[in-house]
Amino acid sequence: MSLQSLALIENWPVPTAAAGVVRADGTVLGNHGPVGRRFALASVTKPLAAYAALVAYEEGAIELDEPAGPAGATVRHLLAHTSGLAFDEHRVTSPPGERRLYSNAGFEQLGDHIAKATDIPFGEYLRQAVLEPLGMASTSLEGSPAKDGVSSVEDLLRFAAEVQAPRLLDPRTVAEAMTVQYPGTKGVLPGYGHQNPNDWGLGFEIRDSKSPHWTGSSSSPRVFGHFGQSGTFLWIDPVAGVACVALTDRAFGAWAVEVWPVFTDAVLAEVRG
């Protein structure tokens with residue numbers, strides 16, 4: 001089966017785009033474009049980094065509720081963007097747990113914390129814990145665990161299949177990652193303005209009732225995933241039983257706000273049809 005809806009990426013105003021859809025059992029329902037090409041992920045790096053953090057938790061290297069990052073914050077706060085750290089600066093702007101302050105700095109401090117706990121540089125830990133076991137040979141972390149990942153659609157479909165049917169983690173741990181942390185917390189969803197609540201799991205953004213949003217009008221409130229400023233996204237829809245990856249080489253902007261939801265709705269309609 002090949003999804004015709006994926007061909008919509010040909011109409012996107014981008015130099016290059018690739019996309020694919022995968023079921024929980026690893027069946028690729030379709031892909032389109034150069035799915036083996038490596039693209040800069042920007043913040044789609046975060047779910048990969050979060051998964052490595054959850055492996056570290058299951059291995060006993062860290063605890064989710066141990067101190068990490070700024071005073072009073074924990075690993076859980078860092079994963080859920082509630083540590084109080086600013087967006088791209090290592091300075092505190094509010095007490096932990098109070099607001100959803102989307103923070104690259106928080107993920108950088110998380111990476112540092114895990115590197116200290118395991119005595120392995122975080123990029124190498126990610127490779128050993130997640131990328132190698134899943135056969136993600138074209139994926140690497142070349143800097144910040146918040147935004148410096150590089151990967152392909154083929155590799156991210158492997159990751160998306162894993163998240164839907166975990167082998168590296170206990171399914172209960174993954175269920176926790178897609179459960180709202182610090183419910184009722186408001187904040188800004190980058191590119192989409194103030195959201196109340198701005199729901200987030202452990203490293204994954206959760207759609208819930210957010211509007212506007214980068215997923216589709218027919219997407220389940222349970223959809224979780226991430227998009228990146230490099231024009232990339234990964235969503236997992238537990239209700240539809242599929243995940244979708246799209247990677248481009250044009251920075252996120254008004255074009256993406258316009259075409260991504262239409263694309264997602266077309267994919268979901270075809271999967272359900």
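Q: How far apart are the mean positions of the positive and negative charges of the chain?
A: They are 4 Å apart, for 20 positive and 30 negative charges. Lys and Arg count as positive and Asp and Glu as negative, with His and the chain ends not counted. Each charge is placed at NZ of Lys, CZ of Arg, CG of Asp or CD of Glu.

Q: What kind of model is this?
A: This is a predicted model, in which local features need pLDDT of at least 70 and side-chain atom pairs count only at pLDDT 80 or more, while totals for chains, interfaces and linings use all residues. Residues are numbered from 1 along each chain as its sequence is written, and side-chain values use heavy atoms, with hydrogens and water left out.

Q: How many helices and strands are in the chain?
A: The chain has seven helices and eleven strands. These are DSSP runs numbered from the N terminus: helices are H or I with at least four residues, strands are E with at least two.

Q: What is the radius of gyration of the chain?
A: It is 17 Å, close to the 19 Å that the globule rule gives for 273 residues, so the chain is as compact as a globular protein of that length. The radius is taken over C-alpha atoms, and the rule is 2.2 Å times the number of residues to the power 0.38. Along the principal axes, the C-alpha atoms fill a box of roughly 50 × 40 × 35 Å.

Q: And what share of the residues is buried?
A: Of the 273 residues, 58% count as buried. Buried means under 20% relative accessible area, exposed means over 50%, and partly exposed is in between (1.4 Å probe, protein chains only).

Q: Which residues are on each side of strand 11?
A: V242, C244, A246 and T248 are on one side, with A243, V245 and L247 on the other, and all are buried. In a regular strand, side chains alternate between the two faces of the sheet.

Q: How many bridges join strand 1 to strand 11?
A: Seven, and strand 1 (residues 17-23) runs antiparallel to strand 11. Pairing requires at least two bridges found by DSSP between two strands. A18 stands opposite L247.

Q: What about strand 10 and strand 11?
A: Strand 10 (residues 232-237) pairs with strand 11 in the antiparallel sense over five bridges, and D237 stands opposite V242. The two strands form a hairpin with four residues between them, and G241 in the turn has a positive phi of about 75 degrees.

Q: Which three strands form an open sheet?
A: Their order is 3-5-4, with antiparallel pairing. Strand 3 (39-42) and strand 4 (140-141) are the edges, each pairing on one side only. Three bridges join strand 3 to strand 5 (residues 149-151), and F39 has S151 as its bridge partner.

Q: Where is T74, and is it buried or exposed?
A: T74 is in the loop between helix 1 (45-58) and helix 2 (75-79). T74 is buried, with a relative accessible area of 11%. Beyond neighbours within four places in sequence, T74 is in contact (heavy atoms within 4.5 Å) with L64, D65, E66, P67, A68 and Y182.
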